[in-house]
Structure formats: structure tokens, C-alpha cells
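Okay everyone, thanks for coming. Have a look at the model on the screen, and I'll talk you through a few of its contacts.

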Amino acid sequence: MPRELEKHQLLERSLIKKFRRELWNPFVAAVKNYQLIDEGDRVAVIVTGSAKSAVLAMLIKQLNRVSDFPFEYELIACSGARDVEKLSADFQLEIKTVNEDYLSAAGMLDCNKIAIDFTGTQAVLTLIGSMFFGHRLQTVLPKERAGEQQIIRPLYCVFDDAIKAFERYNDLSFIPDGTEDERAERLLSELKEKNPDAEKNIFKSLHAVCLETLPGYWRDGEYRDFNSLYAER
């Protein structure tokens with residue numbers, strides 16, 4: 001008779017088998033393509049109690065098991081994080097609760113990188129929001145420097161629909177983040193109704209910007225207008 005798997009084992013199995021194409025593969029692609037985690041890194045993974053942060057924590061845990069290079073990680077819940085004890089029990093995650101902000105906590109634990117649960121959908125929503133409501137074309141990068149540390153976004157190639165599907169499939173319930181731009185969300189939803197590939201196409205376009213076709217852009221804090229660009233051609 002086959003051994004009955006515990007809840008956290010079923011969750012881990014669905015993460016790397018059932019949702020391999022939607023979650024595991026895009027996560028690994030982001031880590032490799034953007035060089036987010038390197039040998040010898042010590043990564044502070046911020047756990048907020050959201051579905052995204054739970055999935056991120058599980059993915060980092062699995063990567064640590066199978067990676068062909070060694071790295072360390074710490075799961076950190078800062079003050080204000082929700083349902084941390086339940087999350088720790090259900091997912092069998094060792095989460096440290098701290099009173100400091102995540103930058104200070106990561107420093108205290110000697111972590112050189114900080115992983116947060118920012119997804120590809122959020123990158124797309126940031127672009128839509130800035131374009132339609134802020135008259136700029138901009139989004140958030142896969143990683144950025146924060147003093148001597150780096151903030152990394154390993155879910156950058158993962159879309160929210162995949163995380164919601166994982167949540168439904170495993171009969172999980174998380175409190176919504178409540179951090180998205182509702183106007184941008186409505187616009188993206190309408191675009192996806194007309195074209196199911198809209199979100200993925202917008203995301204891909206972030207990696208294929210043709211600067212020579214734009215009449216102006218910002219770079220390193222300096223604005224390059226059309227006339228100056230034209231004069232250089």
C-alpha cells in the first residue's frame with residue numbers, strides 16, 4: 001500500500017509536477033536569466049502571509065535542495081505579516097519572525113540578498129499604470145541594489161493566474177494582498193478578455209524595447225529628447 005503523503009508533501013509535489021510549467025520552470029528561468037542567486041549567496045526570503053510569498057518560499061526551498069551550486073536562505077516574517085504560524089505548519093517552513101524592517105532583519109542575519117514576492121503580472125500592471133495614468137513607460141526590474149544588499153524578484157517570470165490556480169487546486173485560502181492598482185487590473189482584465197495572450201505579450205515587450213523608434217526616453221536620470229537623438233544619427 002503506497003504511503004499517504006502529508007499536506008506539505010502534496011503541496012510540494014503539485015508545485016514541481018502539476019504546476020511545473022506555470023510555476024517551477026518560470027521561477028528557475030528568472031533565477032538563471034537575471035542571475036538572481038549565485039553560489040555562496042545568503043538569501044532572506046520575505047514571507048508576508050500572501051499566496052505569492054508562500055509559493056516563493058516553497059520554490060526557494062526546493063531550489064536549495066536541487067541546485068547544482070550551494071547557497072543559504074532564511075525565511076523572514078516582519079511585523080505585520082499575516083497567518084505566519086498557520087503558513088509555517090501547513091507548508092512545513094521554518095519562518096523567523098522579526099520586529100525590524102526586512103532590510104535591517106536581512107542585515108542582522110548576514111544575508112546579502114533579499115527575495116520578495118513580486119511577479120510578472122505586477123511588472124505588467126506597473127507598466128500599464130504608469131503608461132495610462134502616469135504618462136510614462138516604466139516598470140520594476142528583476143533586481144536592484146539596496147546599499148550593500150540586493151533586492152531580487154524570483155517570481156518575475158511567474159504570472160498571478162498560475163498562483164491563483166495553485167491556490168485553488170490545493171484548496172488553500174489566503175487574504176488578498178490589496179497592493180495592486182485596481183485601474184490597471186481592470187484594464188489588463190479587459191485586454192485578456194479580447195486577447196488571452198495580452199499579459200504575456202506585454203511582459204515579453206518589456207524585454208524587447210526598440211529605443212531608436214522612441215521619440216524620447218530617460219536614462220541614468222537624464223532625459224534624451226527627439227531632437228538631440230536625431231542630431232546624433
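Let's start with Arg-65, which makes a salt bridge with Glu-12, the closest N and O atoms sitting 3.4 Å apart. By salt bridge I mean a side-chain nitrogen of Lys or Arg within 4 Å of a carboxyl oxygen of Asp or Glu. Arg-65 is in helix α3 and Glu-12 in helix α1, so this pair ties together parts that are 53 residues apart in sequence. Helices here are DSSP runs of H or I with at least four residues, strands are runs of E with at least two, and both are numbered from the N terminus.

Quick word on the source: this is a predicted model, where local features need pLDDT of at least 70 and side-chain atom pairs count only at pLDDT 80 or more, while totals for chains, interfaces and linings use all residues. Residues are numbered from 1 along each chain as its sequence is written, and side-chain values use heavy atoms, with hydrogens and water left out.

Back to our pair: are the two partners buried or exposed? Glu-12 is buried, at 15% relative accessible area, whereas Arg-65 counts as partly exposed at 48%. The cut-offs are under 20% for buried, over 50% for exposed, and partly exposed in between, with a 1.4 Å probe and protein chains only.

Now, how do the two helices cross? The axes of α1 (residues 7–18) and α3 come within 11 Å and cross at roughly 80 degrees. Those axes are lines fitted to C-alpha atoms over the stretch in contact, and angles run from 0 to 180 degrees between N-to-C directions. That makes α1 roughly perpendicular to α3, a label for angles of 65 to 115 degrees. On the α1 side, the contact (heavy atoms within 4.5 Å) uses Leu-11, Glu-12, Leu-15 and Ile-16. Helix α3 brings residues including Val-55, Met-58 and Arg-65.

Lys-96 and Glu-74 meet through their side chains in a salt bridge of 3.3 Å, N to O. Lys-96 belongs to strand β3 (residues 95–97) and Glu-74 to β2, so they tie together parts 22 residues apart in sequence. Glu-74 is buried at 13%, and Lys-96 is partly exposed at 39%. Both also belong to a salt-bridge network with Arg-42 and Glu-72.

One more: Arg-224 bridges to Glu-232, with closest N and O atoms 2.5 Å apart, and Glu-232 counts as exposed at 58%. Across the whole structure, the search finds 15 salt bridges.

How values were computed: Angles under 35 degrees count as roughly parallel, over 145 as roughly antiparallel, 65 to 115 as roughly perpendicular and the rest as oblique.
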